[in-house]
Structures are given as structure tokens and as C-alpha cells.
Amino acid sequence: MFERFLFTSKSSDKTDGTKRHSIRTSRTSTPVNRILFLQKTIGNKAIQRLLNSSTEQKARNNQTTISRSISEETAEELRTRDYRGCNAVQDFHVDFARMRAPRWITSTISALEDHLNNPREIITVIESTLNRFFHPPPAPRGRIAGRHDPETLSIIIRRLRRMRQAIENPRLFRCVTRQTCGRENSDHDPNAYAYAGQGTRISICPAFFELGLNDQLSTIIHESAHHIGLMRNVIPRDEVINLPLNRAMNNAESYALLVTEYFTGPPAPPVPAPPVPLTTNWSIAYMSSQVMFNQPLNELCYEGQGQRHYLSEVRRSIEAPFPSVQPIRFRGQVRFYTDTTDMPMPQNYTLPEVRTQILFIPSDESQNATALYEHRDLHPGYLGPELPLLVDFSPNFDFTISQNGTVRFTFWMSDANEPFIAMYDDTIFVRPDNDI
Ligand SMILES: [Zn+2]
């Protein structure tokens, strides 16, 4: 059976051409960005992101499109292939998108392979992108997040390789008329962009040529997934994000989103205004500091987003068994967040500075307090939605206490002009020497 690729819901008015683009308005599908794509080669993600952001504004005012402005003669010169059923202009555009899609897939495959072969403790951009569309199994109790098993990663990598291989075969592609498109795709929609079935050709419909380049690439990647037999057809991003893993594994758009968002970054923040900001620059609603204790308890503690859970709520006092002397080791990791998946950091958002302080105050009052883990980063880095801020000190702390006293954990975010916010401030009692 054929699966169509169309961004709108079935109930939308198909005669309204603008509506068809309303569900997915990719940042890079605008006409000016498209021109930039033609002028620059794709390959460097950083440059790509730069282009996207700098041309966004200009793009809104520009209504011409390359696909309409490129002449038949120019297309004759620039096209490198003659695709079945395509005219010269269509040849040029199919070629352009088809030659680039494999690079995008390759970029995702390399990142996934790297992730598979060199697992890191911190969640990387590829893992966060992957987890958006392919949900990892739930975390064991007390852990920060669940992670995919290597077998799942290997399956996804293998499928992406097969998709890439399909796209690299020009004979798989053909152009069809509006009429054929409407007759053959599963929804009988002449305005579909493209369609494909398991093992069939990838048919490109006329509406494909109204898309920006990124959406054309994404469409081709989506159809290549159908071609290799992944026939589930959930398309709107919001719904794809909610698919359970077993459904996502068979859903064409999950693969298309993984590849395109790894390459271009996630879409711009949603339109609804964020809650009233606490400061002029950011909203406390999305800020949190987390501390994952691995020792002496395995416990995720946090403060932020209207919630808090402190180590002292689990264990107010940590003691050596009586009567004995046993040094108490504390190990863990601190993380700071300024956003969530559903609300990425807005543009023009100033990151707060972050500070950590773990103090030991001995019971013996003749001795001074000791700073065990004291750091400050005035300009932490923003990696992406729901990723911890990148700090210039080690997020891991590890110290051992062999004297009785109290330990105070304080982690906070602030800026020069505002009071401290999103603070984690907790005190617990330690008694390594219980032989008094
Ligand atoms: Zn589809």
C-alpha cells in the first residue's frame, strides 16, 4: 500500500494552499533560506544554523521562490540527471534535495555510532534529539533518565543506512502528475508532496516543488523510510513526540525528524507566551537545579519548576553504625537547567550565572568551616532544550568526611541585577565518628 506524505490533517481545506504548510513551518523552508542553500553548500552544521537565524527575519518579507524563478534553460544546464516523468526544473530540484539528504543521514548515523561506541555520562545533542522521537525506556528509580539499549540504537542505525542507500539510487525517483498523485497515494490526495510503498518507487507530486529545501529533504527521507518498509504514517511533530517507542520504530516521520532536527536544530519556540518572567530575562518556571547523589544514597534531588525534593527529606542525618568510625563519602553530579522540551530557551534570553557551594561545618566549634565544592561560572553555555547548562567546572563532586558536623549544599542561578533564584539549599547532619 502507498502512504502519502502530507503535513495537514485530513479535515483541512485542501483548496487553501497556505493551510497546507501550517503544521510544519520549518525555519529553513523559507524562500530566502532556500536561496542561501543554493549559494552555499551544506555540510557544516554550525554555519547552517547561523544562516538560518540570520535570514529568518528577511525571509518573512520575501515572497519569491527559487522553484518558480529558476528558468528552464538554467535548469537544463544545472540538472545532472533525467528523472523519470520530471521536467528539467523538476529534475534540478529533485536532484538537489536527493543529493543532500544522504549527507544529513550520514551526519546522524555518525553521531549515533559515536554515541553507541563512546557512551558518555552527560546527555549529548544526538541523544537528546533521539530521545525526543524515540523514547528511551523509563529510568530506574532515582536515576536522571532512562537510556536506550545498544540493540535499539543499532536497529535505528541500520535502518538509516538502508534509507540512505535507497535515496542514493536515482532510479527509485520519479515525478508524477497531480492526477496520478491523487489516484495512487493512500489518501487519494492530489496535493500530497510525495508517496511511496514498501519496495516501490518514490513518487514526487507537483506540490513537492512548492516546499522549501529542508522540507523537500525531510519529505525524501520520510519516503525512503516507507520504501524500506517502515509504514506507520504519524506526521505532525506533536504526535510523533508522543509515540511510544514500539510505534516510533516503525514510523517514517520519526526517522525524518531525527535526521532533520539533528542537522538543523529543533524548531523555534512555540508561539504561546511563556509564563510571566521572574526577571527581565528568564522565567523561573523553566529553571531548576538538580543534584544526583550516587553516594551515600542514590537519590535524585532538585529544586525548580515549582517543585523541590531535598536529600534531607530522605535522610536528615547520615551516621556510621554505632559504635564505630567510618568516613562518609559523598559523590554526585550537579546540573542546571533553564528550559524544558516543550519550552526551549527563547531568543535573546540571557543565561544566568551558576554557582555551587558545599560547605562542611564541624561540630567542633573551634574549627573553621571548609568549602568542599565551590565553583562559579558567570557565562554557562546553552546546549539545547532540556539539556543541562554547560559549565566550565566539573559537574561531579566527590569528597569524604571523617569528622562529625553538618554539610550544607547550595546550588543556585542568579544574575548581577536579580536576587538568587532556582536555589537548592539543604543541610544534613553527618556523624562518621559514632563512638563518642
Ligand atoms: Zn508517509
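In which loop is the place of proline 296? Proline 296 sits in the loop between strand S5 (288-295) and strand S6 (299-304), strands being DSSP runs of E with at least two residues and helices runs of H or I with at least four, numbered from the N terminus. The model is predicted: local features need pLDDT of at least 70, side-chain atom pairs count only at pLDDT 80 or more, and totals for chains, interfaces and linings use all residues. Residues are numbered from 1 along each chain as its sequence is written.

**View A. Cis peptide bonds at two prolines.** Glutamine 295 and proline 296 are joined by a cis peptide bond with omega about 0°. Another cis bond links phenylalanine 322 to proline 323, with omega about -10°. Proline 323 belongs to the loop between strand S8 (317-319) and strand S9 (328-337).

**View B. Histidine 188, a residue with positive phi.** Histidine 188, which is not a glycine, has phi near 50°. The residue lies in the loop between helix H8 (178-184) and strand S3 (194-196). Histidine 188 is exposed, with 12 other C-beta atoms within 10 Å; exposed denotes 12 or fewer such atoms, buried 20 or more, and partly exposed the range in between, with C-beta atoms placed from the backbone.

**View C. Glutamate 386, a residue with positive phi.** Although not a glycine, glutamate 386 has a phi of about 65°. Its place is the loop between strand S11 (370-377) and strand S12 (396-401). Glutamate 386 counts as buried, with 20 C-beta neighbours inside 10 Å.
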